[in-house]
Amino acid sequence: MTEPRRLFDEAESELERSLLEAGTDYRSPIGARQRTLEALGITASAYGSIRIRRPSLLANVGGVKAVLAATALAAAAVPAGYYAFEKEEARISVPSPPAAAAASNTAASKAPAAAVKQRVSSDLEGASLDPAETQAPPEPAAPKEPSFEKAPKPAPGATPRAQDKPVESKPARAGLAAELGALEAARAALGRRDATRALALLDAHARDFPRGRLKQEAEVMRIDALAESGQRAAARQRAQAFLGRSPNSVLAGRVRRYLGD
Amino acid sequence: MTSAGTISAGAWPRPGVLRVPELTSIVAWMRRKERETRLRKMVDDYVDFVARVLRNAGTPAAEIDDDLQRTFIVASNRLEDVRAGAEKSFLLQTALHIAAHARRTVARRREVPGDQALDIADAFASPEQLTDQKRSRQLLDGVLEQMSSDLRIVFVLYEFEEMHMTEIAGVLGIPRGTVASRLRRARLDFRARVRALTRVSAAKVGS
């Protein structure tokens with residue numbers, strides 16, 4: 001079957017040609033790629049860039065430390081990415097500086113970059129780093145969220161402080177797979193636009209994992225599901241509550257965008 | 001900590017010895033990395049394509065950024081449903097859906113439906129400016145805005161995205177014959193409007 005030639009190839013006037021050209025030549029705005037990646041919670045450059053959101057705090061941080069932070073984060077590469085994931089996914093609190101130091105003693109030979117990163121993170125305390133960009137949000141654990149404390153690797157001979165004790169039993173840790181499975185099922189239902197099913201699965205998740213480590217993810221999914229099912233008011237209300245509770249969560253940007261719709 | 005249930009980490013991201021349950025989170029981490037890699041590639045490969053489709057399908061310039069993000073967020077939420085190799089058509093369908101919403105919003109905002117061709121022509125200063133890129137874009141927006149959305153989408157996909165009629169039929173879920181007839185009408189419509197613009201512009205310069 002033949003198709004007609006494109007109009008551009010047989011434009012009958014300069015005006016027509018320029019209009020057709022304008023349609024073909026359009027490119028995304030400068031920086032749109034990066035902003036889109038950020039919206040998706042993906043850092044634009046693998047483990048690099050770091051942006052301080054509140055410039056007024058920049059003075060407290062100091063240029064040298066900022067450079068150090070960028071370098072450390074870049075050097076942290078894969079382990080840093082994994083630690084970041086762990087923190088983000090499981091709401092692991094960033095160890096306080098002494099704990100971080102203890103951890104770094106143990107891990108120093110194998111993961112110096114991660115240790116430096118944690119030190120730098122504490123240096124940068126007070127500055128708001130964009131978690132989506134750093135991949136290693138140095139935000140403290142949200143105090144109100146039922147959080148799961150990461151089992152630290154105490155230095156040999158070091159006395160772990162009470163709060164550093166692994167609060168999670170083995171069965172509970174193994175429960176992460178089950179929790180992940182439950183949420184994936186909900187996500188798949190949402191993917192099929194089956195909001196009712198997704199909400200039922202999320203309800204089941206809330207029942208089965210009252211202290212679940214993926215509660216924030218579940219909550220964001222619930223907002224999506226409510227919106228999808230037409231319960232926009234409820235979705236908005238939950239989105240606002242989410243932001244009130246966890247304004248620094250890596251998922252907060254996504255929720256804010258939903259509210260901005 | 002007992003040694004039971006421990007395995008050597010080998011090349012895993014975390015150095016040292018891993019307990020079996022820790023593998024669960026590493027697997028989840030890897031899964032997320034995989035997701036991220038796929039999404040990043042989609043953005044890299046199609047950000048301009050999606051932006052162009054959105055723009056030509058009716059999203060105003062000021063809202064391109066937001067709608068780009070919306071499109072990719074939808075893709076991210078439904079990533080498991082996007083077949084490998086079908087990313088472009090998924091993004092296209094999503095973008096068209098979002099642009100349709102943008103068009104409706106713009107239509108609602110427009111208070112006085114005036115004679116668009118004349119409004120646009122008023123912005124002319126001289127025929128030389130017609131080749132100015134920004135001006136061309138504005139004029140194109142004006143012309144496309146006046147086309148019915150059915151014709152506009154087929155026109156945009158065929159003329160700007162250089163898609164085949166069969167592909168367009170697949171994306172829009174309509175028979176190829178319908179695509180062909182819409183394209184024919186769309187081209188006549190487009191040409192007529194551009195001619196009208198040229199006439200108005202010439203009259204204005206001549207007056």
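Residues are numbered from 1 along each chain as its sequence is written, and chains are lettered from A and ligands numbered from 1 in the order in which they are written. Because the model is predicted, local features need a pLDDT of at least 70 and side-chain atom pairs count only at pLDDT 80 or more, whereas totals for chains, interfaces and linings use all residues.

Confidence is expressed as pLDDT, the predictor's confidence in each residue on a scale from 0 to 100. Chain A has an average pLDDT of 62, and 49% of its residues score at least 70. Helices are DSSP runs of H or I with at least four residues, numbered from the N terminus. Within chain A, the highest confidence is that of α2(A), at 92, and the lowest is that of helix α7 (residues 131-134), where the mean is 36. Over residues 45-173 of chain A the pLDDT stays under 50, and for this stretch the model has 178 contacts beyond four places in sequence.

Two residues are taken to be in contact if their C-beta atoms, placed from the backbone, lie within 7 Å. On this criterion, 47 residues from chain A and 49 residues from chain B take part in the contact between the chains. On the side of chain A that touches chain B, at least two residues each are supplied by α1 (14-25), α2 (32-39), α4 (63-90) and α8 (170-191), and the largest share, ten residues, comes from α1(A). By class, this side of chain A comprises 25 nonpolar, seven polar and 15 charged residues, where Ala, Val, Leu, Ile, Met, Phe, Trp, Tyr, Cys and Pro count as nonpolar, Asp, Glu, Lys and Arg as charged, and the others, Gly among them, as polar.

Across the two chains, α2(A) packs with helix α2 (residues 64-77) of chain B at an angle of about 45°, their axes being 9 Å apart; axes are lines fitted to C-alpha atoms, for helices over the stretch in contact, and angles run from 0 to 180 degrees between N-to-C directions. The two helices are therefore oblique to each other, a class for angles that are not under 35 degrees (roughly parallel), over 145 (roughly antiparallel) or 65 to 115 (roughly perpendicular). Their crossing is right-handed, the near helix being turned clockwise from the far one by less than a right angle. The contact is made by A:A32, A:R35, A:T36 and A:A39 of α2(A) together with B:D65, B:L68, B:Q69, B:F72 and B:I73 of α2(B).

Within chain A, helix α11 (residues 232-245) and helix α12 (residues 252-260) pack at an angle of about 140°, with axes 10 Å apart, which makes α11(A) oblique to α12(A). The crossing of α11(A) and α12(A) is left-handed.

Positive phi values in residues other than glycine occur at A:R193, near 65°, and at B:E162, near 50°. A:R193 lies in the loop between α8 and α9 (195-208) of chain A, and B:E162 in the loop between α6 (149-160) and α7 of chain B. A residue is buried if 20 or more other C-beta atoms lie within 10 Å of its own, exposed if 12 or fewer, and partly exposed in between. A:R193, with 13 such neighbours inside 10 Å, is partly exposed, whereas B:E162, with 11, is exposed. B:A169, found in helix α7 (residues 165-172) of chain B, has 18 C-beta neighbours inside 10 Å and counts as partly exposed.
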